[in-house]
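Please open the model in your viewer and keep a selection tool at hand.

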Amino acid sequence: MKLKSLILSTALAALSSGVSAEGVKIGMITTLSGGGAGLGIDVRDGFMLAIEQSDRTDIEVVIEDDLRKPDVAVQLADKMIQSEKVDVMTGIIWSNLAMAVIPSATAQGKFYLSPNAGPSALAGKGCHKNYFNVAWQNDNLHEAAGAYAKGTGYKNSFILAPNYPAGQDALTGYKRMYDGELAGEIFTKLGQTDYAAEIAQIRASGADSVYFFLPGGMGISFLKQYADSGVDLPVVGPAFSFDQGILQAVGDAALGVINTSQWNKDIDNATNAAFVETFKAEYGRLPSLYASQGFDTANLLISALETAHPDDADAFRAALEAANFDSTRGDFAFGPNHHPIQDIYAREVIKEGDVYTNKIIGVALENHSDAYAADCSF
């Protein structure tokens, strides 16, 4: 069943069953056009694949495109909460949009399940009992990269990221686990595509390694320009700049780069193997990190609905906390601030036939929690 017909049939089935006390309405706000659209499309497709596989007819999913604009996301959230009367919200990719939407949604009694954005401000003192992050806290993959760099013996990293909440969390996370010197530290513009000035600074810095977080098209632009520049320093990054949807656009420039992720297609468990195969069969492409996060988010939701409806907030919250579902990552558990405790892997970019992809080469951080959980009090 293809996505368009799936959304329609899911909605019609839900409407025919009343979507009242027995049904549940999900509001998904995500990025489906413009820069970064591939991330939102993958989250949506992974989420809807899990809904399809559940065979439930009592779940309606309302999907809207935030255009990667905070004001649009806020307007859509208000409409979903006040007019659509959604029970649960999900889907946001970008941390600045998450900060604009999630506190207001949870303050109005809605549950929010994040399939991606995990800003530090919502993990510590700003946590909320109805907010669950199914992916990670923003710092986590960057912390793993810092741990990898430390273990590899890098002593003088040059680090850069865009100047927005996730970029700030990224460099904070890297520095938390990396104990060497910094040859340079730069915050770029969000959405920047020309990195000639930054690469010139790297060249002149005396660095022995480069760490960058530049998601989506930003990472594609940087890597291609870096490869063409002749600068020959090893590069480390998070999965966001080396994920399945990005690698084909980057090409050979990414080969051999080490990146960190809590998921990869070769994690050895039955749920993940089946997910990779069914996603590829449904959509005609390999799943990305974001697709796995959408899939896990939907399956967490479905597992909680087996026990309680969101109308019974305490029971539904307890069912979410139990996380009684089969994750693509294997064992899955929430910490006290409703963020995952999980292994984070080091991956290497390789080529399988004509397809650029990743393989796991080791565990960078084991059973890792985030640095803000102790500050969370519900």
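Begin by selecting lysine 85, which is exposed, with a relative accessible area of 55%. The structure shown is a predicted model. Lysine 85 sits in the loop that joins helix H3 (70-84) to strand S3 (88-90). Although lysine 85 is not a glycine, its phi is positive, at about 60 degrees.

Next, select aspartate 55, located in the loop between H2 and strand S2 (59-65). This residue also is not a glycine and has a positive phi of about 60 degrees. Is aspartate 55 buried or exposed? Its relative accessibility is 67%, so aspartate 55 counts as exposed, the cut-off for that class being over 50%.

**Second stop: helices H2 and H11**

Select helix H2 (residues 37-54) together with H11. Their axes come within 7 Å and cross at roughly 40 degrees, and the crossing of H2 past H11 is right-handed. On the H2 side, the residues making the contact include Leu39, Val43, Phe47 and Ala50; on the H11 side, they include Tyr290, Phe295, Thr297 and Leu301. Coloured by class, the contact of H2 with H11 shows 12 nonpolar, 6 polar and 1 charged residues.

Why does threonine 297 count as buried? Its relative accessibility is 1%, and the buried class covers values under 20%, so threonine 297 falls within it. Leaving aside residues up to four places away in sequence, threonine 297 touches Phe47, Thr90, Leu113, Ser114, Pro115 and Val134.

In soluble globular proteins, nonpolar side chains tend to be buried together. Select Phe47, Met89 and Phe316: these are the residues with the most contacts inside the largest nonpolar core, which has 87 residues. H11 supplies the largest share of this core, 10 residues. A second, separate core consists of 25 residues, among them Leu160, Ile220, Ile246 and Val257.

Return to methionine 89 and display its surroundings. With residues up to four places away in sequence not counted, its contacts are Gly27, Ile29, Ala77, Met80, Ile81, Ala105, Phe111, Tyr112 and Leu113.

Side chains of opposite charge can pair when their charged atoms come close. How many salt bridges does the structure hold? There are 15, and several may be inspected in turn.

- Select arginine 56 and aspartate 58, whose side chains form a salt bridge with an N to O distance of 2.6 Å. Arginine 56 is partly exposed, at a relative accessible area of 21%, whereas aspartate 58 is buried, at 16%.
- Select lysine 175 and glutamate 185, whose side chains meet in a salt bridge at 2.9 Å, N to O. The pair links distant parts of the chain, 10 residues apart: lysine 175 is in helix H6 (residues 165-177) and glutamate 185 is in strand S7 (residues 181-188). Lysine 175 is partly exposed, with a relative accessible area of 35%, and glutamate 185 counts as partly exposed at 36% relative accessibility.
- Select arginine 347 and aspartate 243, joined through their side chains by a salt bridge of 3.6 Å, N to O. Distant parts of the chain are linked here, 104 residues apart: arginine 347 lies in strand S12 (residues 340-352), and aspartate 243 lies in the loop between strand S9 (235-238) and helix H9 (244-250). Arginine 347 and aspartate 243 are both buried.
- Select Asp42, Arg44, Asp45 and Arg285, which are linked in a network of salt bridges.

**Final stop: a distance across the model**

Select alanine 227, a residue of helix H8 (residues 217-229). At 43% relative accessibility, alanine 227 counts as partly exposed. Alanine 227 and threonine 57 are 50 Å apart in space, C-alpha to C-alpha, and 170 residues apart in sequence.

Conventions
Residues numbered from 1 in each chain as written. Predicted model: local features only at pLDDT ≥ 70, side-chain atom pairs only at ≥ 80, totals over all residues. Heavy atoms only, no water. Buried < 20%, exposed > 50% of the residue type's maximum accessible area, 1.4 Å probe, protein only. Contact = heavy atoms within 4.5 Å. Core = buried A, V, L, I, M, F, W, Y, C linked by side-chain atoms within 4.5 Å. Helix = DSSP H or I, 4+ residues; strand = E, 2+ residues; numbered from the N terminus. Salt bridge = Lys/Arg side-chain N within 4 Å of Asp/Glu carboxyl O. Axes fitted to C-alpha atoms, helices over the stretch in contact; angles between N-to-C directions. Left-handed = near helix turned anticlockwise from the far one by under 90°. Nonpolar A, V, L, I, M, F, W, Y, C, P; charged D, E, K, R; others polar.
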